[in-house]
Amino acid sequence: MISAGIDCGAKTTKVVLMKDGRIMGKVKVLTGFDQKKSILEAWDLALQSAKVSADEVNRTSGTGSGKNVVTFALARTLDLVNDIKAMAKGASFYFPRARTVADVGAEEGRAAKLDDRGNAADFAVNEKCAAGAGAFIEAMARALETPLEEMGLLSLQSDKEIPMNAQCAIFAESEVVGLIHRMTEKKDISKAIHDAMASRIVSMIRRIGVNEEVVLLGGVARNPGFIEAVQRQLGIPNLLIPEEPEFGMAVGAAVVAAEGS
Amino acid sequence: MSEQKSPEFWRWTESNWVNPQIDWKKAKYITVGVDVGSVSTQAVVMADGEIFAYGNRRTGSDSPNSARKGLSFALEKTDMPETRIDYSIGTGYGRVNVPMADRTLTEIACHARGANFIYGPQVRTVLDVGGQDMKAIQCDDKGRVTNFLMNDKCAAGTGRGMEVFADLLGVPIVEVGERSYKVTQEPPAVSNTCVVYAKSEATGLLRKGWTTEEVLAAYCRAMAERIYSLVERLGVTPEFAITGGMAKNRGVIGRLMSLMGLEPAKTTWDTQIAGGVGAALFAHALCQKGKGREKKPA
């Protein structure tokens, strides 16, 4: 049985192909402005990488903010899985004992409490505002004129605590410019940025309750500065993060497709 | 820095003004209100409760200097020395950094009092849309605050959000209002909850072939919707007056008024000086109660 999960996100579109509970192939492309085109591109690349034809895929699920485009793009019957369910199933695929999961994507952040079957028992979402999502850190990296990859590592070198506006990316951007003018070191500004961002996610995780094993998914979970800040603020030494955390929801969607629910 | 070379589309016109009909030498009390906002600073000089001079300029990166420069800018076209001032009040976001202030007051109180003066005592609801926040204020016929609501958490619906769009679209901020009406059909609004989302939506719309004017219209509408939700939550009692820099943006205010089905009160004064006017009026009232500065020997 081959299943596929497609996560059409605000910034990237991910496709995961699974066979009998194992990942056969996964592909990520930039979503761009034409979601349909991106979905088709990722789909074809995923089929090629797994060396299967579209007809061999038994069941397909779509998720993410562009999930409604998926059916139309692929012109095939598929289940639409809500983001929370996809995240929950993805987390328990990688870490079966996980009871709390947070996913931080480009424009949204979400957290859920899981039951012992990997279903979401409670959840919180931020989809109203870019603070607390990847767009926040991207905007700050632009203001700091530092590549995103470097900014995360830079922040690990600082032990200063500079309070920063965590409510609004636009206001935080002016604060970053202000800190630059005051000759604050880049590493200290980077840490302030990650601390601010983490505080939004941590408060969301706290709202739904923290359990021992916390899983972090989504593209932002690749950022070492962010991971460190979340661990410190939650008081949890080791967050569980899969190797390519941005595929979490696509994996979850593929699992749901395989379960046939 | 590369930033400084590019044209500054967000920049608005600074101005100062002096009332030729007032002779400061004859005034009993000279009072000053300095409103140091996040984006602009206004210093208003009053002679016996009438506006004698004012200056309106951009707030720099340090507040004490902005307040000082604001006051010298206001007095630039007059021959009055600063020592003549009987009392001065600081207000606004940067009010704790007004070195010459004898005391400070919140900008909520000052805007209500100022709107009462520049629009008239019939004003009952004041909307102030400033650089980094917006407030809806209810007041009585003396300009005393009876209730208010504000958003200072987020740039959506504030002047800062409009500056971001002016820069994004390369349209000078003072032209935004006019150009937003140069559309054949009014487009639907972009996101009104977050400027960052609105920005990425706008970039997408431009790529889809929307004109700059259409995107401006969609953003002005989003701003109007956002401001409307705050005003509606507070409740509106006419007359309705608008203060702050956004009052000058016809693109937003026109759309807001059509959502509200109301006409705003009119004034010939610069709407940005309302907070400073209120502060100077409070200072005048204190002088009348004998609380002015000790008179220096002549």
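What radius of gyration does chain B have, and why does it agree or disagree with that of a compact globule? Please then describe the open sheet of chain B in detail.

Reply: The model is a predicted one. Chain B has a radius of gyration of 20 Å, which agrees with a compact globule because such a globule of 298 residues would have one near 19 Å. The C-alpha trace of chain B spans about 70 × 45 × 35 Å along its principal axes. Of the 298 residues in chain B, 51% are buried. Among contacts in chain B with a separation of 6 or more, 71% are between residues 24 or more positions apart.

Chain B contains 9 helices and 10 strands, and the part requested draws on 4 of these strands. They form an open sheet with mixed pairing, in the order β9-β8-β7-β10. The edges are taken by β9 (145–151) and β10 (240–243) of chain B; each has a single partner strand, so one side of each is left without a neighbour in the sheet. On average, neighbouring strands of this sheet are turned by 15° against each other, direction ignored.

Strand β8 of chain B, residues 134–139, runs antiparallel to β9(B), and 6 bridges join the two. Within this pairing, Lys135(B) has Met150(B) in β9(B) as its bridge partner.

A helix accompanies these strands. Helix α7 of chain B, residues 212–234, lies across β7 (125–129), β8 and β9 of chain B. Relative to β8(B), helix α7 of chain B runs at about 25°.

Terms used. Residues are numbered from 1 along each chain as its sequence is written. Chains are lettered from A and ligands numbered from 1 in the order in which they are written. This is a predicted model: local features need pLDDT of at least 70, side-chain atom pairs count only at pLDDT 80 or more; totals for chains, interfaces and linings use all residues. Two strands pair if DSSP finds at least two bridges between them. Axes are lines fitted to C-alpha atoms, for helices over the stretch in contact, and angles run from 0 to 180 degrees between N-to-C directions. Two residues are in contact if their C-beta atoms, placed from the backbone, lie within 7 Å. The radius of gyration is taken over C-alpha atoms; the globule rule is 2.2 Å times the number of residues to the power 0.38. A residue is buried if 20 or more other C-beta atoms lie within 10 Å of its own, exposed if 12 or fewer, and partly exposed in between; C-beta atoms are placed from the backbone.
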